[in-house]
Amino acid sequence: MNTISKLIGFDYDNAIASEKMTIQGSKYRFTVLSESLLRLEYAEDGVFENRPSLLASNRKFKEVPFNFSQDDSKIKIETTYFKLTYRKEKEFKGSSFVPDANLKVELVSTSKSWHYNHPEIRNIGAPGKELYDEKGRVSFVKGLYSSDGFVCLDDSKTGIVMENGDIFARDGNKIDLYLFMYGNDFGKCLNDYFVLTGKPPMLPRYALGNWWSRDVDYDSKSLMELIKNFSDNNIPVSLIYLNHNWHINRFDNQEKIQSGFTVDKEKFPNPMDLVNIVHSKNIKVGLSINPTEGIYPYENGYQQFKNYVGSNENIVPFNTFEGKTYIAYYNFLLKPLLDANVDAFWLYGKKISKDEQSALNIYHTANVLNLNKRILLLTNNSLIAPHRYPVLYSGNSIVNWDTLKKVPFHNLSAANIGVSWWSHDIGGFHKGVEDNELYRRFVQLGVFSPILKLGSAGGKYYKREPWRWEIKTFRIVRDYLKLRHKLIPYLYNEMYKYHMTGMPLVKPLYYQVPKMYDDTIYRNEYYFGSEMFVAPIIDKKDTDMNRVIHRFFLPDGMWYEYFSGKKFVGGKRYLYFVKDEDYPVFVKAGGILPLANEIDDNYTFSSRSMEIQIFPGESNSFNLYEDDGISYAYRQGFYIMTNIEYQYFPNNYIVNLKPIAGKSGIIPDFRTYTIRFRNTKLPDNIIVQFNNANINYQAYVDEHDFIIKTDALSTTGNLVVNISGENLNIGVNRIMRDEIISILDDLQIETELKERIDEIIFADDRINQKRVAIRRLQKKGLEKRIVNLFLKLLEYIE
């Protein structure tokens, strides 16, 4: 029998650990959950908790070997990761002078140890509920990542999930801890954490496209006008949220009530027809909801809800901890919206306790109605296993550069608690000054972020519509938003890896180079999936140079700038002069990027035309995961995995595509392929085969890239592209000289002065001599601000 707790992901059978892994006394219980994860409990009454908590949904780990010994006064437990020593029946807390007198857990092969109430000051932390609070302060909470190599999560006070779906508070006098002792193996920590709390879910595929979410009072006409504007301007959009006022929201003397589940027919006379029309444009529909204000008499399902929960109140209170409330909520309030083909919800409302938020998130992400499609949820961070309830919203941010500066570090720090899916309002939500450069840089960052949400307050002077900006900004933003949709196959594949392995989409540079955490210039950099690396721009450009002066660091290896193909040697710091249309994104040597060619008409599902970009330098293998993008059928094996193998030799490149797992019929039966060999000249020999037979193809050079295009081929067959020739790799090296010439070329100064500056900059003289020569040009009519510009450039060059 499926209990309510089981339906929402809390199975009582899985909440009890193996007895073989448990050591118990009168007042204590230790459970070895894995080689690196230990549960520690202390209860004066000797009664311990076996039911699932809001944090811990599964304690039935695979049994692992460990050593146990004891005498009359002490017990010892040892694994390959930790060694525990405990004085029997004593409180976990030691004295202020010897805090580990009663309980000590040592990290094997190190001098580090943990004790009860350890301050854990080397814990890096993870984002809290918002990007920043009303006073602009950033508030981080404890994460899993620590330079100590251990972290303790306190589960003593989180709610217990009952079999009937109720959630109740625990006896706060008992101690219930989960201690992760992982050393340098943070991947092991994440794996243990996800086994304990539940895996990150698979979002619907459209969630990786461009979202629209403004606080505008839409009706059927204005919504269709918005969609037409996206189409006319050739900008893809995958999801539109109707933030507020889509529902009836007036009662007695109250107006604009947030609680509402019944469509306002004055604004949307035929809601189901409207949703179907929007769906025909390949756009999904989301609604903001907030049950916490109570259920009002204007709801269609009001009386049924009221009768089911047994309330006598006129405005029926919503009990966030009662399973019965949610059953009524599903059947009488949410189901009619889902029957109308609504795709997503935004759980929008006032700040509540983390247990309340956790309960709301659990019930809104659980598939209690047994739907055959994944419903997307945008919600607030509950701080309890937040990875289970994507997508998280970072709050109403201010339109300014300070907001942009905070976003990259927020996103990458989320990995410290195993979270990938954070959403921010591109450009900021409200207040501030609308600015072309800020908007462009926000969109560019959004393209290389987990979620891209164009959102703002409802005032008419807030501009999130790309077509409302000047032409240069419009063109740049349009191109980047189109690129976001092209990236969906890559992003969806990385989502699947996150779902299966727990490794987040965005990973901090400091995971690989720990010293970068303390370097404010470089610590905002991050890996974006397995193939890409991003050094985000968070500063304004130099107005005279018309470029951002950008410093960045690249980790070890060889890297190629995505847009230009320029090659960079890793393990080094760089200075770059970035134009408005450029963004510092890099792909590793041998990188394989599957991209969608079919992005017109907002199409986000598996494409009938795919481009696979291959970067030179190393051999590589990439498993491309695809499913229907919307249902839960992948859990029954309805997916397809295609291996893309790249063999690199200086004079010979071989690309081999073949399905290796899954079932046919999940993706288009036929697909055209564009294989783009980056930084590659026209080869001497070309062989293109499908299922061991030669096939027709097109071959041509596009700037620095060599391209093979095929006709439509079966997606269940084997495609091999083999090219060879002398020195195939074109050395597109990054040369600072060219960048300085480009800066000079753009400057609005006399041409003779440009020539003289060129002579000075590129002379073999010492830097000090060049500085003197530049300063003397002021007497020749060179403005002081331009003199200072080149003095600054000389400093950077040095």
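Biologist: Which residue, with a positive phi, follows helix 6?

Modeller: This is a predicted model, in which local features need pLDDT of at least 70, side-chain atom pairs count only at pLDDT 80 or more, and totals for chains, interfaces and linings use all residues. Residues are numbered from 1 along each chain as its sequence is written, and side-chain values use heavy atoms, with hydrogens and water left out. Helices are DSSP runs of H or I with at least four residues, strands are runs of E with at least two, and both are numbered from the N terminus. Helix 6 is followed by a residue whose phi is positive, near 75°, and that residue is Asn-341.

Biologist: What is the bend of helix 6 at Tyr-330?

Modeller: A bend is the angle between axes fitted to the seven residues ending at a residue and the seven starting there. Tyr-330 is one of the buried residues of helix 6, where buried means under 20% relative accessible area, exposed over 50% and partly exposed in between, with a 1.4 Å probe and protein chains only. At Tyr-330 the helix bends by about 40°.

Biologist: Which residue of strand 14 is the bridge partner of Tyr-42?

Modeller: An open sheet of five strands is ordered 1-2-3-14-11 with antiparallel pairing, two strands being paired if DSSP finds at least two bridges between them. Strand 3 (residues 37–42) and strand 14 (residues 175–181) share six bridges in the antiparallel sense. Within strand 14, the bridge partner of Tyr-42 is Ile-175.

Biologist: Is Arg-29 buried or exposed?

Modeller: Arg-29 lies in strand 2 (residues 28–32). Its side chain makes a polar contact of 2.6 Å with that of Glu-41 and another of 3.1 Å with that of Asn-50, a polar contact being a pair of N or O atoms within 3.5 Å, where within protein one must be able to donate a hydrogen and the other to accept it, and residues adjacent in sequence count only if both atoms are side-chain atoms. Because its relative accessible area is 8%, Arg-29 is classed as buried.
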